[in-house]
Amino acid sequence: MLQTQINKTLWGILMQGSAATQSRLWIGLLLAISALLSSLTVLAQTEETQIQAEQVAKGIYMRTGRGGNIGLSAGEDATFIIDDQFAPLTDTIVTAIAAITDRPVDYALNTHWHGDHTGGNENFGKQGALIMAHAKVRSRMTEGCVAGERSIEPAPKVALPVVTFNDALSLHVNSQTIKGIHIHHAHTDGDVIVYFRAGNVIHMGDTFFSGRHPYIDLNSGGHIDGVIKAAEVALTLGDESTKIIPEHGQLASKADLQRHYDMVVEVRAAVAAMIDSGKTHCPVRWQR
Ligand SMILES: [Zn+2]
Ligand SMILES: [Zn+2]
């Protein structure tokens, strides 16, 4: 849609007639593109502002939008969020939370270090939220690192997790125990899945994308065995009606997670067989 609008604008300007001088043409072109881009930015912000949190169980919500899906527990003790998307989205996230509870965010848990999950840490940290994450999240954010071809600068102190843990975390708020369970070397080396036992909801972090193939960040210590393990662990929790919040994609069910698990296990076995037979390049196309 963006490309179509830019093309239309370019065409409109170029058709203004041969009398227009080259410089006027370029000035007009630049002004038009700049106006178009700013109007599209406003449009994107407006769309983002309109995204409300969806209730998935009593007191538990999921908010989509750009970045990872946010999990939210709102109740009498605390406002607790799982992941906080990108920094420019904080105001819209705060607005969506304010529609549910008067309490500001007390606790924020990062499921892993990626910027679409920790980008709001600095803003929420300044607003007084206690940030929690696996120890590897803090160390990666402290040191900065390379993600693909990009290098990520060290995060400011206020954005760093204050509470870190290695294996598991229990948070006792809003009349329930919320468990953070670390999965070794899955999407990264610092992943946590979060289980709301009373609410019968699991937030999977980036170990599960609903309706999409997994992404494994090898540079951050990710491994396919951990992705399989994450699904395996989650499948042992709850029951048939457990709601699964994927980090990206729509709300899912246990059956969806089982399909994802079966697919990843099958792909792993197929690739392992090819490697064992001496193949160094795998002509594999993943299908769901
Ligand atoms: Zn993500
Ligand atoms: Zn990620």
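Guide: Two strands pair if DSSP finds at least two bridges between them. The model discussed here is predicted.

Visitor: How do strands S6 and S9 run, and how many bridges join them?

Guide: Pairing requires at least two bridges. Strand S6, residues 130-134, meets this condition with S9, the two strands running parallel. The number of bridges joining them is 3.

Visitor: Which residue of S9 is the bridge partner of Ala133?

Guide: S6 and S9 are joined by bridges. Helix H6, residues 135-143, packs on the sheet and touches both S6 and S9, its direction making about 105° with that of S6. In S9, the bridge partner of Ala133 is Thr164.

Visitor: Which strands stand at the edges of the open sheet?

Guide: The sheet comprises 7 strands with mixed pairing, in the order S1-S2-S3-S4-S5-S6-S9. Each edge strand has a single partner, so one of its sides is left without a neighbour in the sheet. The edge strands are S1 (54-57) and S9 (163-165).

Visitor: Within what arc do the buried residues of helix H3 fall?

Guide: In H3, residues 90-98, the buried residues are Thr90, Thr92, Ile93, Ala96 and Ile97. Viewed down the helix axis, they line one face, because their directions fall within an arc of 165°.

Visitor: Which residues have the most contacts inside the largest nonpolar core?

Guide: This core has 54 residues. Beyond its neighbours within four places in sequence, Ile202 is in contact with residues including Ile193, Val194, Ala234 and Leu237. Those with the most contacts inside the core are Ile193, Ile202 and Ala230.

Notes: Residues are numbered from 1 along each chain as its sequence is written. Chains are lettered from A and ligands numbered from 1 in the order in which they are written. This is a predicted model: local features need pLDDT of at least 70, side-chain atom pairs count only at pLDDT 80 or more; totals for chains, interfaces and linings use all residues. A residue is buried if 20 or more other C-beta atoms lie within 10 Å of its own, exposed if 12 or fewer, and partly exposed in between; C-beta atoms are placed from the backbone. Helices (H or I, at least four residues) and strands (E, at least two) are DSSP runs, numbered from the N terminus. The arc is that of the directions from the helix axis to the C-beta atoms. A nonpolar core is a set of buried Ala, Val, Leu, Ile, Met, Phe, Trp, Tyr and Cys residues joined through C-beta atoms within 7 Å. Two residues are in contact if their C-beta atoms, placed from the backbone, lie within 7 Å. Axes are lines fitted to C-alpha atoms, for helices over the stretch in contact, and angles run from 0 to 180 degrees between N-to-C directions.
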